[in-house]
Amino acid sequence: MPKRFTFRTDAAATIGFGHLRRCLALAEAVAVRGHDTCFLLSDLSEKAACDLVSGAGFSILRIDGAGRLPEEIEALEAAAQTSDVVIADLAHAHALAQRDHLSSYFRRLRRQARHLVVIEGLGGESLADDCDGIADLLVTPYACPPEGTTQTRRTRHLTGASYAILDRRYAEVDDRAAAPEGRKVLVTTGGADPAAVAAQALRACSLLRPIDLQVEVVIGPFFAQPLRHEVRLLAERSPHEVTLIEAPQDLLAQMLWCDLAISATGLTKYELAATGTPAILLSHDRAHAENNLAFAELGAAVDLGEIALLSDITIAETVRALLQDAARRARMSSCGRRAVDGRGAFRIVAVIEDLSL
């Protein structure tokens, strides 16, 4: 029997769009299974977030409070919306800054539905203590240390890269062969790129001579104007053929095109693994670098750590070594495909359906 699923998340320049995008991927898996789906967005979310949801064919309910959890609790009480399943993805800085209210917020969401599912982050973004005994299911859709990042006592816990939440097209990617001499490089550094990783990656690529590269650089929707200007200037002065791609809907085509990706260490690295794309990972800050250690052990990418500690030469020489080593890129591709098969969303939905029986 079809169930009603409600996704509670937000997207804005201050918190990024990764949480919303993975909820959309999970919502697609829910819809494929024949269930009804809607999104509950606060007025913290920007118009671009609503456009993404409506463009995917899902309905939207708005809630007042601008992300202030006590006010949202009152708004939820007044709205009296009910669902069979509420899926909450709130492991972002705005909500975590109000951690004292998170447990109360989850209790309110739990009263709204027969079942509550919480999607969490790693390290300081873990929500295990906040939802333990409240949620029916906690999902940590990341590569984690063997013992797991969180330990819950009463809430069922799904953890690991096999639960990475990706668009279902990533489950349909064919195996790929490594080009004998890599020349195509993709640079993708997130929606905002606060550490200007894209600029440093371009500077590093410019050091690679006499190699002739084709470089595609993704300009995120929230790149600051100074960063946009710097990236454009570096592209014009580069000895290589550089193409700038403005805020694409997704990166599947670019991932399948390139021989190697230079990427920030967000959710994109799981898409790179699923497409068998060898990658060099650069972290915006120390927290991202620490959270990325378990993923690096999968063997799908070379993790260079925090960008502030890296020189252009170090990045350039890592790019050169990988482009010249087809066998290593082939191994990385194989490791990525084994670890992330693109079916994580369907695994999660299957567990939720079992809860609802």
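Biologist: Which residues does Gln 112 touch, not counting residues up to four places away in sequence?

Modeller: This is a predicted model, in which local features need pLDDT of at least 70 and side-chain atom pairs count only at pLDDT 80 or more, while totals for chains, interfaces and linings use all residues. Residues are numbered from 1 along each chain as its sequence is written, and side-chain values use heavy atoms, with hydrogens and water left out. If contact is taken to mean heavy atoms within 4.5 Å, the residues that Gln 112 touches are Thr 6, Leu 40, Leu 76, Gln 81, Thr 82, Ser 83 and Val 86.

Biologist: Is Gln 112 buried or exposed?

Modeller: Gln 112 lies in the loop between helix 5 (102–111) and strand 5 (113–119), where helices (H or I, at least four residues) and strands (E, at least two) are DSSP runs numbered from the N terminus. A residue is buried under 20% relative accessible area, exposed over 50% and partly exposed in between, with a 1.4 Å probe and protein chains only. Because its relative accessibility is 5%, Gln 112 counts as buried.

Biologist: How many Å apart in space are Gln 112 and Leu 76, C-alpha to C-alpha?

Modeller: Leu 76 is one of the residues that Gln 112 touches. The two are 36 residues apart in sequence, and the C-alpha to C-alpha separation in space is 8.6 Å.

Biologist: How many bridges does strand 9 have with strand 10?

Modeller: Two strands pair if DSSP finds at least two bridges between them, and strand 9 (residues 214–219) runs parallel to strand 8 (residues 184–188), with four bridges joining them. In that pairing Val 185 stands opposite Val 215, whereas Ile 219 of strand 9 stands opposite Glu 246 in strand 10. Strand 10 (residues 241–246) pairs with strand 9 in the parallel sense too, and the number of bridges there is six.

Biologist: Which helix makes a right-handed β-α-β unit with strand 8 and strand 9?

Modeller: A crossover is right-handed if, with the strands pointing away from the viewer, the path from the first strand over the helix to the second runs clockwise. Strand 9 and strand 10 make such a unit with helix 8 (residues 225–237). For strand 8 and strand 9, the helix spans residues 197–206 and is helix 7.

Biologist: Why is helix 7 described as largely enclosed?

Modeller: Its buried residues include Val 197, Leu 202 and Cys 205. Helix 7 is largely enclosed by the rest of the structure because the buried residues number nine of the 10.
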